[in-house]
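Keep the sequence and the 3D view at hand.

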Amino acid sequence: MFNSSRINEFSNIPTPFYYYDMEILQNTLEIVKRESSKYGYHIHYAVKANANPKIMTKIQSYGFGADCVSGNEIKRSLESGYPPNKIVYAGVGKSDQEIQTALDSDIFCFNCESIPEMELINEMAEKANKIAKIAIRINPNVNANTHHYITTGVEENKFGISRWEFDSVLEGLASYKNIELIGLHFHIGSQITDLSVFKGLCLRINEIKQWFSDRQIFVDHINVGGGYGVDYKHPDQNPIPDFVTFFGIFNEFLNLEANQELHFELGRSMVAQCGSLISKVLYVKNGVKTKFAILDAGMTELLRPALYRAYHKIENLSSNGETENYDVVGPICESSDCFGKLVSLPATKRNDLIAIRTAGAYGEAMASRYNLRDIAPSIFSNELN
Ligand SMILES: *Cc1c(COP(=O)(O)O)cnc(C)c1O
């Protein structure tokens with residue numbers, strides 16, 4: 001993927017930096033557009049995956065909406081041209097100020113995660129003399145078979161409203177005059193590569209929909225969230241997830257009423273493969289059992305390996321020597337600041353360029369200034385040359 005002319009261009013740019021291949025992004029967005037349009041599905045981009053303004057503007061240019069989890073994400077989406085009527089807003093801890101921002105912006109829908117939250121939105125909407133449109137985020141108790149830190153759809157975690165609360169939700173809704181229930185929302189986790197999980201979700205939603213329609217509650221839309229995974233092991237062979245099968249599953253297994261819309265909130269699957277973190281080797285140091293390749297990028301630029309022990313493919317762009325094993329680590333003063341143990345790389349030396357792949361989602365977005373480090377800049381393929 002990284003041809004030698006690109007590597008020459010990289011060598012003039014101070015490291016570390018995020019590199020975005022806009023062709024991969026564009027190809028991905030085209031396929032999402034084509035496959036979702038087949039069924040008339042509505043796509044909201046999950047801004048938390050990557051809120052870089054250039055990425056957001058590009059995604060907006062395809063007509064997708066935005067899925068936000070904070071007031072600032074709502075503001076960033078509006079600034080990037082997303083129309084308010086395509087913005088949804090989720091989160092277990094929406095602050096008063098954030099709710100106000102969403103009300104002032106007349107967003108499409110609040111995805112509500114608790115009864116006290118609905119009470120507050122109702123109260124604030126009344127003061128603003130508005131009717132807030134809401135969906136209830138339901139915890140469908142479906143296990144996403146993914147890392148437990150990114151599983152959100154089982155009853156023991158903090159997200160959503162569980163089945164045993166439905167009666168009190170309906171009671172509440174009957175008395176809240178300034179909110180209108182327009183949807184049911186689900187999001188069960190992230191990096192889900194086992195597509196049977198989505199089939200299971202569809203079947204569970206069918207049951208839950210039935211529960212509501214038995215009580216004469218009908219909603220305009222179902223929102224199934226995001227969570228579709230990407231191939232971290234083979235970014236070049238699988239740069240674009242199989243959206244044909246993904247959307248096909250919902251078409252096949254989810255029972256929608258006539259005119260009922262289906263919405264998605266895709267984050268990782270849209271942006272992960274277009275991004276790489278480019279870094280340089282500062283030192284190669286001999287350890288007791290292994291050699292360390294110490295990079296100038298660390299958990300401050302890409303937190304996922306330290307946070308979830310996530311795997312990212314690591315490539316040495318400068319060497320084609322004999323392969324050896326290295327523990328590839330960052331400069332931060334934490335033992336968890338490690339991108340991979342016993343990584344097989346061609347013989348590696350100081351100043352070699354290293355690409356950490358599939359870093360377009362939850363990479364730049366999770367960067368921090370820990371150790372007072374500078375925030376790494378981002379470079380776009382269509383702005384080089
Ligand atoms: C994070 C999140 C998403 C996006 O998840 P991906 O795994 O990146 O697709 C969608 N909806 C909600 C509510 C989220 O919190």
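A polar contact is a pair of N or O atoms within 3.5 Å. The model is predicted.

## Around the ligand

| Residue | Atom in the protein | Atom in the ligand | Distance |
|---|---|---|---|
| Asp-67 | polar side-chain atom | nitrogen | 3.2 Å |
| Gly-227 | backbone N or O atom | oxygen | 2.9 Å |
| Glu-265 | side-chain N or O atom | nitrogen | 2.6 Å |

How much of the ligand does the protein cover? On its own, the ligand has 390 Å² of accessible area, and the protein covers 94% of that.

Start with helix α3, which spans residues 53-60. Ile-55, Met-56 and Ile-59 are buried there. Viewed down the axis of α3, the buried residues fall within an arc of 95°, so they line one face of the helix. What does that face pack against? The partners of the buried residues are β1 (17-20), α2 (22-37), β2 (42-46), α4 (71-79), α10 (268-271) and β16 (378-380). Look also at the start of α3. There, a side-chain oxygen of Asn-52 comes to within 3.0 Å of the backbone nitrogen of Lys-54.

Helix α7 covers residues 166-175. Its buried residues are Phe-166, Val-169, Leu-170, Gly-172 and Leu-173. Seen down the axis of α7, these residues fall within an arc of 160°, so they too line one face of the helix. Glu-171 and Ala-174 are exposed on the other side of α7. The buried residues of α7 pack against α6 (115-127), β6 (132-137), β7 (179-185) and α8 (196-214).

## Two buried residues

Is Ile-138 buried or exposed? Its relative accessibility is 1%, so Ile-138 counts as buried. Ile-138 sits in the loop between β6 and α7. Leaving out neighbours within four places in sequence, Ile-138 is in contact with Ile-161, Phe-166, Leu-184, His-185, Phe-186, Ile-208 and Phe-212. One of these, Phe-166, is also a buried residue of α7. Cys-112 is 26 residues from Ile-138 along the chain, and their C-alpha atoms are separated by 8.8 Å.

Phe-110 belongs to strand β5 (residues 109-112). Phe-110 has a relative accessible area of 2%, so this residue is buried. Which residues does Phe-110 touch? Not counting residues up to four places away in sequence, they are Tyr-89, Lys-94, Ile-99, Ala-102, Leu-103, Ile-121, Ala-132, Lys-133, Ile-134 and Ala-135. Phe-247 is 137 residues from Phe-110 in sequence. In space, the two are 24 Å apart, C-alpha to C-alpha.

## An exposed strand residue

Now turn to Leu-342, in strand β14 (residues 338-346). Why does Leu-342 count as exposed? Exposed means over 50% relative accessible area, and Leu-342 has a relative accessibility of 54%. Leu-342 touches Thr-290, Asn-325, Tyr-326 and Asp-327, not counting residues up to four places away in sequence. Asp-327 is 15 residues from Leu-342 along the chain, with 5.1 Å between their C-alpha atoms.

## Backbone details

Most residues other than glycine have a negative phi, and most peptide bonds are trans.

A cis peptide bond joins Thr-15 and Pro-16, with omega about -5°. Pro-16 is found in the loop between α1 (4-10) and β1.

Asn-129 has a positive phi, near 60°. This residue lies in the loop between α6 and β6. Asn-129 has 69% relative accessibility and so counts as exposed.

Asn-371 also has a positive phi, about 65°, although it is not a glycine. Its place is the loop between β15 (353-356) and β16. At 36% relative accessibility, Asn-371 counts as partly exposed.

Notes
Residues numbered from 1 in each chain as written. Predicted model: local features only at pLDDT ≥ 70, side-chain atom pairs only at ≥ 80, totals over all residues. Heavy atoms only, no water. Buried < 20%, exposed > 50% of the residue type's maximum accessible area, 1.4 Å probe, protein only. Helix = DSSP H or I, 4+ residues; strand = E, 2+ residues; numbered from the N terminus. Arc of directions from axis to C-beta. Contact = heavy atoms within 4.5 Å. Polar contact = N/O pair within 3.5 Å; in protein donor to acceptor, adjacent residues only side chain to side chain. Areas by Shrake-Rupley, 256 points an atom, 1.4 Å probe, with all protein chains shown as cover.
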